[in-house]
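Colleague: Please put the model on screen, and I will ask about it piece by piece.

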Amino acid sequence: MPNCKQCTSPFEVADKDRNFYKQIEVPEPLLCPSCRNQRRMSWRNEKTLYKRKCDLCSKGMVSIYSSDKPFPVYCQECFWGDEWNTLDYGQDFDFSRPFFDQFEELMLKVPRLGIINKQSENSEYCNYSFANKNCYLTFGNHYEEDCMYGRYSTKNKNCLDYLFTYNSQFCYEISFTKNCYESVNLEHCDGCQSCYFSSDLIGCKHCLFCSNLNHNVYHILNKPYSKEEYFQKLKEYKLETHKGYQKAKEFFETEFHNQFPNRATYQNNCENCVGDNLSNCKNVNQCYDCTKCEDIAYAVQIDETYDSIDMTCMGYDRSEVCYQTIGCSGIFNCKFCDSCWHNHDLFYCNTCFSTKGCFGSISLQHKNYCILNKQYPKNEYEELKSKIIEHMQKTGEWGQFFSAEISPFAYNETIANEYYPLGKDEIAQKKWKWKKEEDKALDVKRVIPASRLPDTIDEIPDDVLNWAINCEKTGRPFKVQKQELAFYRKLKIPLPHFHPDVRFEMRMKRRRSRKLHDLKCNNCKVDMKSSHLPEKSEKVYCAKCFLDKTN
């Protein structure tokens, strides 16, 4: 069993993995799956946004690249326009130098797309997004309308502070939930309406602090009530006040999950799968948050991908035979690529679109047979590609994803720091980049500590839109947006006391780990794998016992 070259932990290379590596002609990995994922994530900035000018038309824009980046950055119109040509930046390959040095040199010259946000309307502060309307600070979201502070979600309307949510409306602080309406603080629920602080509900209405119920109405702590009794009890919790809401939330995040059986893992319509939050998958190993996948391994947040290993944040269009990719969608036979959409046969490419047969290239659109952004006839491309691979095998580069050292982002700008947090000194020790975080002064009439906010939303004046609220945890100032205020008023929710970034961090901490642990079923004592942490006191059941107890 090899030891990881980065963290030194031993990791397994399964026979099935070895067969895949031989099939696609790459060496066995030198890093463990976790460190490989960290390296890919160090190339993905989702939510660190900047105001800057387009380097072609000088128009102001929102970008994932700060103005001090050394390469040109273009707005949407200029990047997709005809006023420039990516091939103008092409360079010859130098066999006296390592490949990654030459790729880094190319990175300093080629213009980049300022933000990945296509076909949006009034949604300029969204990234890795498609076809959103009137959305604000949503990331990895598609086909959404009037949503704010969401992540990795699709087809929602009027939702705030949500994660992995689908086809829901007027919902707040929900995660891994779909088809819900006017609900607050739900986890792993489907088809529910007017439910609060609950988990694992299907088709329920008017439920509070409930778990593992199907098509029930007027329940509190899984106990049935009459309609009149339910609303009287609901009133007693005073959820419309900040104190009452926070008390309910604290109970939901602590004691609540000790009172009901919890699933060892979430797998729906899956066959021969190892992982968590899997749906309609077959033959997947060590995968998390995946849908419609088959014969994949070591993948995180993947949709409709087949015969692939080591992928992160793959989009909705089908992908096949891929290795070491992140942020890609609709790709076939692509290896070591970042943010490439609708491509075939790419190697070591970054932000390339509708392209075929390219190696070590950046920002290509509708191009074929390019190496370092220089185009070749097909036969010359194939010959040169083979020589470059042989060269990289000698330098030890072939088979390795781009290192964090040459990422266009500082480590703390990327999602790597969300899943693998490191301090400034630790990052410097690894010789990775760090960027000082600064909040710009807000143009407001008044600054107020969150602790001094009125207790209910009915007491909040319209003038709050001109206030800055200092976060109760970090002191960072934040503003309430107009559509956000209307949302809180409709659902009778008190204003949040924490900065949106802190609220996201809280949601991330509540989610289960992307690692399986050895546990025993609390009911039948059988050995099992679970994403629940062993040190927690939650009741965790194997799949059979969970179904027996909850049906």
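What follows is a set of questions and answers on this predicted model.

Colleague: Which residue of S18 is the bridge partner of Asn268?
Modeller: Strand S17 covers residues 267-268 and strand S18 covers residues 271-279. The two run parallel and are joined by two bridges. The partner of Asn268 in S18 is Ser279.

Colleague: How many bridges join S18 to strand S19?
Modeller: S19 spans residues 282-291 and runs parallel to S18. Within this pair, Gly275 is opposite Cys287 of S19. The number of bridges that join S18 to S19 is seven.

Colleague: Is Phe20 buried or exposed?
Modeller: Phe20 lies in helix H1, residues 15-24. The cut-off for a buried residue is under 20% relative accessible area. Phe20 has a relative accessibility of 8%, and therefore it counts as buried.

Colleague: Which residues is Phe20 in contact with, leaving aside its neighbours within four places in sequence?
Modeller: A contact here requires heavy atoms within 4.5 Å. With those sequence neighbours left aside, the contacts of Phe20 are Asp307, Ser308, Ile309, Cys322 and Tyr323.

Colleague: How far apart in space are Phe20 and His391, C-alpha to C-alpha?
Modeller: In sequence, Phe20 and His391 are 371 residues apart. In space, their C-alpha to C-alpha separation is 22 Å.

Colleague: Where around the axis of H4 are its buried residues?
Modeller: Helix H4, residues 99-107, has the buried residues Phe99, Phe100, Gln102, Phe103, Leu106 and Met107. They cover an arc of only 160 degrees around the axis, so they are on the same side of H4. An α-helix has 3.6 residues a turn, so residues three or four places apart point the same way.

Colleague: What is the phi of His366, and is the residue buried or exposed?
Modeller: His366 sits in the loop between S27 and S28. Although His366 is not a glycine, its phi is positive, at about 55 degrees. The cut-off for an exposed residue is over 50% relative accessible area. His366 has a relative accessibility of 62%, and so it counts as exposed.

Colleague: What is the relative accessible area of Lys155?
Modeller: Lys155 is in the loop between strand S7 (148-151) and strand S8 (160-166). Lys155 is not a glycine, yet it has a positive phi of about 60 degrees. Lys155 counts as partly exposed because its relative accessible area is 41%.

Colleague: Which residues are the closest to the centre of the largest cavity?
Modeller: The whole structure holds two cavities of 30 Å³ or more, and the largest has a volume of about 70 Å³. The lining of the largest cavity divides into eight nonpolar, three polar and two charged residues. Of its 13 lining residues, the closest to the centre are Ile64, Tyr65, Tyr128, Ser339 and Thr351.

Colleague: How do the residues that line the second largest cavity divide?
Modeller: The second largest cavity has a volume of about 40 Å³. Its lining consists of Pro29, Leu30, Leu31, Arg36, Arg39, Gln324, Gly399, Gln400 and Phe401. They divide into four nonpolar, three polar and two charged.

Key:
Residues numbered from 1 in each chain as written. Predicted model: local features only at pLDDT ≥ 70, side-chain atom pairs only at ≥ 80, totals over all residues. Heavy atoms only, no water. Pairing = 2+ DSSP bridges. Helix = DSSP H or I, 4+ residues; strand = E, 2+ residues; numbered from the N terminus. Buried < 20%, exposed > 50% of the residue type's maximum accessible area, 1.4 Å probe, protein only. Arc of directions from axis to C-beta. 1 Å grid on protein atoms, 1.4 Å probe; cavity = no way out; pocket = protein on both sides within 12 Å on 5 of 7 lines; lining within 4 Å. Points joined across faces, edges and corners; volume = space filled by probe spheres on them. Nonpolar A, V, L, I, M, F, W, Y, C, P; charged D, E, K, R; others polar.
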